[in-house]
Each structure stands twice: as structure tokens, then as C-alpha cells.
Amino acid sequence: MDLSSPGAREAAAARIRPMHCRFCGGQLRTSFADLGMSPLCEAFVPPDRADEMEPFYPLHAYVCEGCFLVQLQEFVAPQNIFGEYAYFSSYSSSWVEHARRYVEMAIERFGLGERSKVFEIASNDGYLLQHFVARGVPVLGIEPAANVAAVALAKGIPCEVRFLGAATAEAITAAHGQADLVLGNNVLAHVPDLNDFVAGMKRLLAPHGVITMEFPHLRRLMDGNQFDTIYHEHFSYFSFVTAEKVFAAHGLTLFDVEELPTHGGSLRIYARHAANAALPVGERVGALRQSETNDGFLSIERYSGFEEQIRETKRKLLAFLIDAKRQGKRVAAYGAPGKGNTLLNYCGIRTDFVDFAVDANPYKHGKFTPGTRIPIFAPERIREQRPDYVLILPWNLRDEIARVASYVGEWGGRFVVPIPEVEVFDAPRIAAAR
Ligand SMILES: [Zn+2]
């Protein structure tokens with residue numbers, strides 16, 4: 001047990017019931033990141049509830065000493081998180097473009113056509129499947145949030161509104177058959193019952209079929225100091241070596257892997273039935289496994305020390321904001337993503353430091369950030385209010401946002417990103433845009 005930090009000792013002493021790894025069942029004893037108590041990061045507060053209390057839950061990630069899965073305990077039922085979800089994938093143009101390129105690649109590489117079937121788990125508002133539909137490939141979305149699934153349905157994308165597990169997979173294959181391609185982007189981390197979910201994916205997959213999944217890479221989270229991507233909706237954080245173990249336990253072999261820049265650094269894994277030798281295991285699988293092993297991901301020491309790194313980032317961000325405010329500067333946040341809310345709550349940043357936030361998603365306009373109660377407006381507010389600093393909370397979109405909001409340079413405004421390091425930079429000069 002790592003009890004090197006006082007926080008870990010206190011947490012261990014105070015814990016009444018033991019916690020167990022959601023993959024291997026081992027007891028969880030080693031703290032990875034303790035972000036204190038935090039509200040659900042997508043629970044934006046409407047004005048008529050701004051005076052009411054809201055629930056806070058522990059946001060404390062542990063690492064399993066048996067399989068090295070970094071994980072949060074399930075404090076909130078997924079139905080409460082995802083029943084009405086505020087995240088519409090189509091509001092990020094770079095993400096929609098990423099999806100389009102993926103579809104081109106998948107059609108080419110796996111020879112998909114009008115006789116194929118593509119299932120997407122957590123298909124959101126159809127941001128990805130629409131590209132398959134445009135190419136005449138039959139699709140089915142499986143999406144638990146009724147409000148985003150309704151948007152996909154309106155675009156003509158068939159959806160099953162449900163959570164995936166072994167039992168629902170059985171029902172889906174009974175109605176729709178098995179798929180040549182099963183894909184899931186940024187869903188594996190969100191699954192509380194990991195084994196039931198992977199078993200469900202296997203059930204959906206035709207004997208010759210391929211699964212692809214994209215999820216944030218734990219190694220990049222740690223190297224990039226991306227602690228704000230730890231939030232209640234993300235139950236699990238995977239290295240490649242741990243992901244490989246999870247899939248292997250369900251008779252699925254990872255035969256290829258790519259490292260992607262999306263969401264601060266993600267993996268795209270390619271899986272097939274273990275018995276399907278027609279798809280040989282590519283070189284990148286062994287190379288990444290070896291690289292992570294050399295980097296210590298199969299030893300518990302690799303994971304300790306992350307907590308102190310997080311605390312130092314908090315101190316640096318607060319030092320910047322305290323200094324800016326003492327100089328009478330005005331600060332606005334651009335983007336109010338889930339990760340931003342983790343950061344704001346952990347650091348204790350409210351309207352004392354950030355005057356207001358803007359977001360491209362109209363669903364959030366007029367609401368307040370959970371826990372910190374910062375009002376959210378449409379992006380035009382930046383132009384009207386002319387803040388001195390624009391804090392980019394979705395730092396993975398920093399270039400996109402700095403380009404879109406380059407006009408802040410007109411009044412000498414500058415951008416700030418909190419992660420991986422607090423960094424202040426000038427607006428890019430885009431002469432032709434004006
Ligand atoms: Zn485990």
C-alpha cells in the first residue's frame with residue numbers, strides 16, 4: 001500500500017468498506033489522484049436552480065495493483081449521468097472531421113459497402129454514423145441518452161436508446177444481426193460494468209468482424225498532466241497493456257493500435273475474435289506493449305507521484321489568477337467542457353477569478369457551471385466584454401479556439417491554457433479573416 005502522502009493515509013484510514021477493481025476484482029488500496037469532492041461535471045445549473053444546493057461526490061482515482069487499471073468507484077448511477085447528456089459531438093467541427101476521416105479509412109481498410117453493417121456504441125447525435133450513411137453503408141447507433149439520440153434519429157440514423165451490456169447485445173443481435181464493424185469512441189472509459197460491456201461488444205461482432213475503440217491514453221494523461229480529464233463520468237483510465245488484458249479476458253485479440261492526438265492523446269485499438277487468424281497481429285501492438293512496459297506501466301511506482309504533480313499545477317494556476325486579479329485584469333473562460341468543471345472545482349475558481357464563461361453549445365447558454373456557478377454565455381460575449389485574458393478550458397482544442405477567437409488580439413487580449421503547464425500566449429494573426 002502506498003501511504004507516502006498524508007492524504008492517502010487519511011483516505012485509507014477513513015475508508016469503511018474495501019473497494020474492488022471493476023476488471024479483476026482486486027482490492028483497491030493505492031491512491032492515484034484525489035481531487036476532493038466535486039459535482040457531476042456535466043450537471044449545468046439552470047438559473048431557477050442557482051440558489052439550490054447540488055450533490056458533490058468524491059472524485060478520487062485509485063490504481064489496481066493487480067491489473068493497473070486506474071479507476072473511480074461508481075458513486076452515481078450511469079442513468080443519472082447519461083439520461084440527458086449535454087454533450088453534442090457535432091458542436092466540435094474538428095471532432096466531426098476526425099470522424100469523417102475515420103469513416104473513409106474504415107470503408108477502405110475493411111472493404112465496407114451496402115451489404116455491411118456498422119454498429120456504433122454511444123453514437124451521440126450521429127456525428128460519425130452520418131458519414132457511413134452518406135456512403136451507403138447500413139448503420140445502427142446504440143446510445144443511452146434519449147435527447148442526443150433524438151437528434152440522430154431526426155437525421156435518419158437508426159438508434160437503439162439503451163446501455164450496452166451482454167443482455168442488451170443479445171436483444172440487439174436478435175433484432176439486427178451481428179456487425180462487420182463495431183465501434184465505440186470515448187465510451188470505454190464511461191462504462192461502470194466493464195466486463196459486461198466488453199462481453200456485449202463481443203456478442204455484437206460477426207465472426208470475421210472488427211471492433212475499433214478510441215479512448216484517452218493513460219500514459220498521455222500522466223505525461224501531459226491532464227488530471228482534469230478525471231471526472232465522475234470517466235470510470236476507467238487505460239494504458240495499452242491494461243486494455244489488452246481486458247479484451248483478452250473476453251476472447252478478443254488486439255491486432256492493431258494507433259496513437260491519436262484527439263482528446264489530449266488517445267489510443268485507437270483494433271480488436272477481433274481471438275479465433276480469427278485471418279487478421280494477423282501487427283507490429284505496432286508489440287511495439288507499444290514493449291514501450292509501455294519499459295516505461296514502468298506494469299509497476300505500481302509509475303503511478304505514485306502523480307498526485308503531487310496535480311497539486312503543483314493548481315498552485316501555479318492560482319498564482320497566475322491571483323496576480324492577474326491584483327492587477328485588475330478581467331478573465332473569461334472559453335468553453336465550459338466537463339474537464340473544465342473538474343479543474344474549476346478542484347482549484348476553487350469561481351467568479352472571483354473568472355468573470356464569465358462562453359461556449360459554442362447553446363444548451364449551456366444561460367446556465368451556470370456546476371459547483372462554481374460561473375455564468376455561461378454565447379461566444380459573442382467575449383467580443384462585447386473584451387476580457388484581458390481568455391482561459392481556454394478545452395485545452396485539447398486550443399488551436400481551434402485561438403483561431404476562432406483570434407479577434408481578442410484587437411484589444412490586446414491574450415489566451416491562457418492551464419494544462420499541461422500554465423501558459424499565456426498571444427492571439428494568432430489571421431489577417432485574411434477580417
Ligand atoms: Zn484490477
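View 1. Glutamate 97 comes out as partly exposed, at a relative accessible area of 31%. In this predicted model, its salt-bridge partner is arginine 101, with 3.4 Å between the closest N and O atoms. The two sit four residues apart in helix α3 (residues 93–110), so about one helical turn separates glutamate 97 from arginine 101. Arginine 101 is partly exposed too, and its relative accessible area is 47%. If you're keeping a tally, the model has 24 salt bridges.

View 2. One of the pairs to look for is arginine 302 with aspartate 295, whose side chains meet in a salt bridge at 3.4 Å, N to O. Aspartate 295 is partly exposed, at a relative accessible area of 26%.

**View 3. Helix α11 crossing helix α12.** Two packed helices are described by the angle between their axes and the distance between the axes. For helix α11 (residues 306–326) and helix α12 (residues 338–347), that works out to an angle of about 80° and axes 10 Å apart. An angle from 65 to 115 degrees counts as roughly perpendicular, so α11 is roughly perpendicular to α12. Which residues of α11 and α12 meet? From α11 come Ile310, Arg311, Lys314, Leu317 and Leu318, and from α12 come Leu343, Tyr346 and Cys347. Sorted by type, the residues of this α11 contact with α12 are six nonpolar, two charged and no polar.

**View 4. The two sides of helix α6.** Look at helix α6 (residues 166–176) and pick out Thr168, Ala169, Ile172 and Thr173, which are buried. Why do these four lie on the same side of α6? They span an arc of only 135° around the axis, and that puts them on the same side of the helix. Turn to the other side of α6 and you'll find Ala167, Ala174 and Ala175, which are exposed. As for what the buried residues of α6 pack against, the partners are β6 (118–121), β7 (139–142), β8 (159–160) and α7 (194–204). Just after α6 comes glycine 177, with a positive phi of about 80°.

View 5. Most residues other than glycine have a negative phi, and most peptide bonds are trans. Phenylalanine 68 isn't a glycine, yet its phi is positive, at about 65°. Phenylalanine 68 belongs to the loop between β4 (57–63) and β5 (70–71), and its relative accessibility of 7% makes it buried. Arginine 386, not a glycine either, has a positive phi of about 50°. Its loop runs between α13 (380–385) and β17 (389–392). Arginine 386 counts as partly exposed, at 45% relative accessibility. For the peptide bond, go to isoleucine 419 and proline 420, which are joined in cis with omega about 10°. Proline 420 is in the loop between β18 and β19 (423–426).

View 6. Glycine 412 sits in the loop between α14 (398–404) and β18 (414–417). With 52% relative accessibility, glycine 412 is classed as exposed, since the cut-off for exposed is over 50%.

**View 7. The surroundings of arginine 220.** Arginine 220 is part of helix α8 (residues 218–223) and is partly exposed, at a relative accessible area of 35%. Setting aside neighbours within four places in sequence, arginine 220 is in contact with Asn225, Gln226, Leu260, Gly264 and Gly265. Histidine 263 is 43 residues from arginine 220 in sequence, and 9.8 Å from it in space, C-alpha to C-alpha.

Terms used. Residues numbered from 1 in each chain as written. Predicted model: local features only at pLDDT ≥ 70, side-chain atom pairs only at ≥ 80, totals over all residues. Heavy atoms only, no water. Axes fitted to C-alpha atoms, helices over the stretch in contact; angles between N-to-C directions. Parallel < 35°, antiparallel > 145°, perpendicular 65-115°, else oblique. Contact = heavy atoms within 4.5 Å. Nonpolar A, V, L, I, M, F, W, Y, C, P; charged D, E, K, R; others polar. Buried < 20%, exposed > 50% of the residue type's maximum accessible area, 1.4 Å probe, protein only. Arc of directions from axis to C-beta. Salt bridge = Lys/Arg side-chain N within 4 Å of Asp/Glu carboxyl O.
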